[in-house]
Amino acid sequence: FRTTELGDILDLSQFTIHLALLLLDQVNGYFVDRSRIPLAALACLLIAAKHEETLENIPSVSQLDWSTGQVYSPVLIKKQVTPSRFLSSAYIGTLI
């Protein structure tokens with residue numbers, strides 16, 4: 001899947017998609033295991049949606065899981081969306 005396609009499926013704004021890609025670019029260099037990048041993309045998309053979207057339009061972890069064909073479990077997606085210095089609200093504010 002592509003983040004932009006997933007954003008369209010979930011009806012997310014272009015701002016959310018761009019922020020998710022920006023966040024992914026920021027954390028991309030920290031992955032030794034390249035197979036985990038799609039999971040990081042989901043986490044970045046969820047974090048960006050929480051920052052940019054209205055409460056009603058933030059996708060649930062189950063929606064993310066369903067929209068990606070249940071590639072990752074909701075538990076694994078939730079585990080990726082943990083506070084870190086890269087993805088904190090204060091840090092996001094410096095990016096946009």
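This is a predicted model: local features need pLDDT of at least 70, side-chain atom pairs count only at pLDDT 80 or more; totals for chains, interfaces and linings use all residues.
Colleague: Which residues touch the most other members of the largest nonpolar core?

Modeller: Membership of such a core requires buried nonpolar residues joined through side-chain atoms within 4.5 Å. Here the largest nonpolar core holds 23 residues, and Leu24, Leu45, Leu64 and Ile77 touch the most other members. Two or more residues are given to this core by each of α2 (14-27), α3 (37-52) and α4 (61-67). Helix α3 supplies the largest share, 11 residues.

Colleague: Which residues does leucine 64 touch, leaving aside those up to four places away in sequence?

Modeller: With such neighbours excluded, the contacts of leucine 64 are Leu6, Leu10, Leu42, Leu45, Leu46, Pro59 and Ile77. Among them, Leu45 and Ile77 are also named with Leu64 as touching the most other core members.

Colleague: Is threonine 16 buried or exposed?

Modeller: A residue counts as buried when its relative accessible area is under 20%. Threonine 16 has a value of 0%, and is therefore buried. This residue belongs to helix α2. Beyond four places in sequence, threonine 16 touches Leu45, Ala48, Ala49, Glu52 and Glu53.

Colleague: Where does isoleucine 58 lie, and which residues does isoleucine 58 touch?

Modeller: Isoleucine 58 is located in the loop between α3 and α4. Its contacts, again without residues up to four places away in sequence, are Leu46, Ala49, Lys50, Glu53 and Gln63. For a C-alpha distance, consider alanine 48: it is 10 residues from isoleucine 58 along the chain, and their C-alpha atoms are 9.2 Å apart.

Terms used
Residues are numbered from 1 along each chain as its sequence is written. Side-chain values use heavy atoms; hydrogens and water are left out. Buried means under 20% relative accessible area, exposed over 50%, partly exposed in between (1.4 Å probe, protein chains only). Helices (H or I, at least four residues) and strands (E, at least two) are DSSP runs, numbered from the N terminus. Contact means heavy atoms within 4.5 Å.
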